[in-house]
Amino acid sequence: MISLKFLYNNPLGKLFTNDKISKNSVVILAETDPDLDSDQQRAQYVRSIPKALLFKNLLLQGYLVNPKFLKKIDNFQIKSDDLWLATYPKSGTTWTEEIISLIYNNGDIDKVKDKLLATRVVHFEVGPPLGHSRWLKKLKSPRLLATHLPVTHIPSQLKQSKCKIIYVMRNPKDNAVSYYHHHRISTYLGNYRGPWNTFVDLFANGHLAHGDWFEHIKGYRQLSIQYPNRVLFISYEELKTDLPKMIELIANFVERKLSQEVIDRIAKHCSFDEMKTNNMVNREKIPIKDLFDMTESKFMRKGIIGDWKTHFSTQQSKQFDDKYNDKLNELGLTVCYDSEDAYHRMQTNGRIINKNFQSFDDNQNITDNSDSGYDISL
Ligand code: A3P
């Protein structure tokens with residue numbers, strides 16, 4: 001079993017992992033950012049992440065993200081039958097990965113039950129220090145790929161190609177809580193030990209690894225409005241409230257016809273309780289022994305809507321409402337912070353996040369898009 005610390009900090013390991021990063025490149029070591037010390041809170045956070053990188057100003061972890069790979073991202077060949085999953089970290093990536101993997105295997109659990117999820121849905125920008133891009137190229141089609149990169153940083157071909165993209169958003173309060181705990185258990189993120197109050201500010205100010213939460217949502221939301229047949233925009237709260245319905249929606253989107261029996265089987269397999277004990281998805285069995293320290297909490301932590309209520313002060317909650325709700329509304333998104341509200345909205349509207357929406361055309365003029373070919377309300 002490999003050790004992260006051995007790989008990146010031992011002289012022999014460094015031979016494999018160290019890329020020469022010049023100061024004028026699109027990827028620099030974040031600690032060399034000349035502006036770093038202008039914000040002490042951000043600087044302290046950035047320095048807590050081992051070998052943190054800035055990829056065109058986007059903060060990324062330094063372990064398992066190869067600067068050489070990042071520099072060549074724009075040359076990556078997209079295939080028209082690829083399926084991409086894009087998320088801000090902690091929005092339900094793993095969950096949706098397992099769902100799409102099963103949809104592509106027609107719900108045959110025997111086919112996936114002994115294969116690590118990371119080999120079935122492959123993370124685009126995160127991978128072993130050697131051979132990652134070769135591996136991506138050699139994957140059998142249709143490739144299932146996942147990324148946390150914002151639209152501004154994905155291969156430009158991906159925006160125009162025929163391939164499909166699923167984007168999953170989660171309400172920002174639960175997203176921040178989940179990311180906080182994730183930082184605490186993740187060695188590659190420096191096992192954050194600062195206070196919650198600082199973390200929540202870092203989230204709101206867009207300083208965390210993978211950048212600003214709202215900008216992430218906005219970029220993919222605009223893409224989904226521009227290409228409604230190619231980009232499906234869904235939410236964690238929708239998955240949580242009516243999983244069978246959302247599995248059917250995703251399957252229709254990727255043009256796989258599933259029987260009700262298969263849908264129900266996938267839903268059962270992808271319930272939180274089952275995924276929590278499934279070693280192929282819960283990160284308890286991975287080839288790197290010190291990627292996580294799960295003594296304090298697990299990767300599959302709570303899996304609920306509304307855990308933010310145990311972390312946010314009244315003032316922090318109001319700050320998030322003021323900061324995000326109107327801006328999300330402008331993108332035709334309503335955000336849901338509570339499981340009862342989620343249930344009610346799913347019952348009455350069929351979906352939670354989408355309002356009757358307007359879209360941005362190439363010139364950013366607002367146009368009515370309600371007649372687009374794909375029915376977002378199922
Ligand atoms: P919590 O930390 O709130 O529990 P990601 O895969 O993007 O890193 O997201 C992880 C979050 O999704 C964690 O949230 C995890 O528990 C939750 N999650 C994973 N599988 C889930 C499932 N089947 N049902 C509900 N939540 C799930």
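The model is predicted. Elsewhere, a search of the whole structure finds 17 salt bridges, and a nonpolar surface patch of about 570 Å² is present.

**Ligand shell**

- Gly92 places a backbone N or O atom 3.1 Å from an oxygen atom of the ligand.
- Trp95 uses its side chain: a polar atom there lies 3.2 Å from a nitrogen atom of the ligand.
- Cys270 has a backbone N or O atom 2.9 Å from a nitrogen atom of the ligand.

**Nonpolar surface patch**

- Phe6, Leu12, Leu15, Phe16 and Leu130 make the patch of about 570 Å².
- Helix α2, residues 11-17, supplies the largest share of this patch, with three residues.
- Leu12 is found in helix α2.
- Leu12 has a relative accessible area of 52% and therefore counts as exposed, the cut-off being over 50%.

**Salt bridge Asp37–Arg47**

- Asp37 pairs with Arg47 in a salt bridge, with the closest N and O atoms 3.1 Å apart.
- Asp37 sits in the loop between β1 (27-29) and α3 (40-48), and Arg47 is in helix α3, so the bridge ties together parts 10 residues apart in sequence.
- Asp37 is partly exposed, at 44% relative accessibility.
- Arg47 is partly exposed too, at 46%.

**Salt bridge Glu296–Arg184**

- Glu296 and Arg184 form a salt bridge whose closest N and O atoms are 2.8 Å apart.
- This pair links distant parts of the chain, 112 residues apart.
- Glu296 lies in the loop between α16 and α17 (314-330), while Arg184 belongs to helix α10, residues 172-185.
- Glu296 is partly exposed, with a relative accessible area of 43%.
- Arg184 has 15% relative accessibility, so it counts as buried; the cut-off for buried is under 20%.

**Salt bridge Lys302–Asp307 and its network**

- The side chains of Lys302 and Asp307 meet in a salt bridge, 2.9 Å from N to O.
- Shared partners join Arg301, Lys302 and Asp307 into one salt-bridge network.
- Lys302 is partly exposed, at 39% relative accessibility.
- Asp307 is buried, with a relative accessible area of 3%.

How values were computed
Residues numbered from 1 in each chain as written. Predicted model: local features only at pLDDT ≥ 70, side-chain atom pairs only at ≥ 80, totals over all residues. Heavy atoms only, no water. Polar contact = N/O pair within 3.5 Å; in protein donor to acceptor, adjacent residues only side chain to side chain. Patch = residues over 30% accessible without salt bridge, like charges linked within 9 Å, V, L, I, M, F, W, Y side chains within 5 Å. Areas by Shrake-Rupley, 256 points an atom, 1.4 Å probe, with all protein chains shown as cover. Salt bridge = Lys/Arg side-chain N within 4 Å of Asp/Glu carboxyl O. Helix = DSSP H or I, 4+ residues; strand = E, 2+ residues; numbered from the N terminus. Buried < 20%, exposed > 50% of the residue type's maximum accessible area, 1.4 Å probe, protein only.
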